[in-house]
Protein chains: 2
Amino acid sequence: MGSENQKLMRSTQLLRSFWNVQKNLMRFVQKTAVENDLSVPQYSILMTIAPHKEMLQKSLGEKTFLPKSTLSQAVDGLVQAGWLNRQQVEGNRREMQLSLSEKGEAFIKTIHLQEGSIHQVFRSAVESLTEKQCDELLETHQRIAAYLEAQGAGQGEGTK
Amino acid sequence: MGSENQKLMRSTQLLRSFWNVQKNLMRFVQKTAVENDLSVPQYSILMTIAPHKEMLQKSLGEKTFLPKSTLSQAVDGLVQAGWLNRQQVEGNRREMQLSLSEKGEAFIKTIHLQEGSIHQVFRSAVESLTEKQCDELLETHQRIAAYLEAQGAGQGEGTK
DNA sequence: TTAAAACTGTTCAAAAATGAACAGTTCTTT
DNA sequence: AAAGAACTGTTCATTTTTGAACAGTTTTAA
């Protein structure tokens, strides 16, 4: 069936398209992380926690998909560096509550403003998009991410 | 200026949106790689070389942004496994010509068909997009990728 | 033609990321 | 309430990735 084949090619093309963006993003994330003495997981953690100011370590794991050993080590480093506070959840001696310190918030702001940081570079990259293009991109990404999120989260898969 | 602030938020929102897709994609790439006894760099290499059938190792480095030590090791593994052929470029004793072996081509086809592979999962994820949505996504991604590609490739940056 | 500089890929020691085993806690079932 | 199962995070040995030094080749320019 020709149209099936058509669809297959479409999907391949789209996957490549995402991959092309993602490998470039990773390049700048890597660079930004190194320039601020962070590992890539640590950078991810900061960016994930930033809009909420505080999060359970468990939730952070679910959001980032980082293996829990990686998460534990990365968080530890961030706490050492003074960017995060870590304390036991009261009424639950297993879970850890993580929160951005004031230093941490300031640090994130600094990163956002650094020339050559992923944030600055990306800002320029999307500068010329129209309102409509932005909205459609967000909408489509949201749909794809939601689908993927739902996959594999169900069965035997968990962050080990 | 309010509209500047507006733009900033837009950019942040878009970056998050890409990140949400990318972390999910990476999850499946990782999974697909492991299931086929590949490292993530090795998987990237195969997917990059696949449409061309053959490439210079140098070009592969430029396309994937993999550090050259990583590239060298990963390629070596693929050659050992019999998926790639490697030979010196004739008339140039530095560069290496890499090409998919027949076994390698077959291997890639197999991966594409595996249930739960990134390819299958992604296919389902984008199944319901309209023709128009696909085209716009491709177009926008292309623009962003092109911009990012141009950045940093110029000055002191190269794959070490 | 040479010497110096730039290029391409490999090697190897160091750093980063991860799985598996674990320790302590909480929840379930009896 | 006691035993067993499930949960949450840490530790540590192993694996993966990477930067730096290198070896060999080609290009540049003296």
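I began with Ser72(B): an N or O atom in its side chain is 2.7 Å from a phosphate oxygen of DNA strand C. The model is predicted; local features need pLDDT of at least 70, side-chain atom pairs count only at pLDDT 80 or more, and totals for chains, interfaces and linings use all residues. Residues are numbered from 1 along each chain as its sequence is written, chains are lettered from A and ligands numbered from 1 in the order written, and side-chain values use heavy atoms, without hydrogens and water.

**DNA strand C**

I looked at the bases next. A polar side-chain atom of Lys68(B) lies 2.8 Å from a base oxygen of DNA strand C. For Arg94(A), a side-chain N or O atom is 3.2 Å from a base oxygen of DNA strand C. I then listed what is near the strand (a heavy atom within 4 Å of it). I found 21 residues around DNA strand C. Among the closest are Ser69(A) and Arg93(A). H4(B) gives the largest share, four residues. Helices here are DSSP runs (H or I, at least four residues), numbered from the N terminus.

**Chain B against chain A**

I turned to the protein contact (heavy atoms within 4.5 Å). Chain B gives 57 residues and chain A gives 57 residues. Together they bury about 6000 Å², 65% of it on carbon and sulfur atoms. Buried area is the accessible area (1.4 Å probe) that two parts lose on being put together, summed over both.

I checked salt bridges (a side-chain nitrogen of Lys or Arg within 4 Å of a carboxyl oxygen of Asp or Glu). The interface has four. One joins Arg10(B) to Asp135(A), with the closest N and O atoms 2.5 Å apart. On the side of chain B that touches chain A, H1(B) gives the most, 22 residues.

How values were computed. Helix = DSSP H or I, 4+ residues; strand = E, 2+ residues; numbered from the N terminus. Polar contact = N/O pair within 3.5 Å; in protein donor to acceptor, adjacent residues only side chain to side chain.
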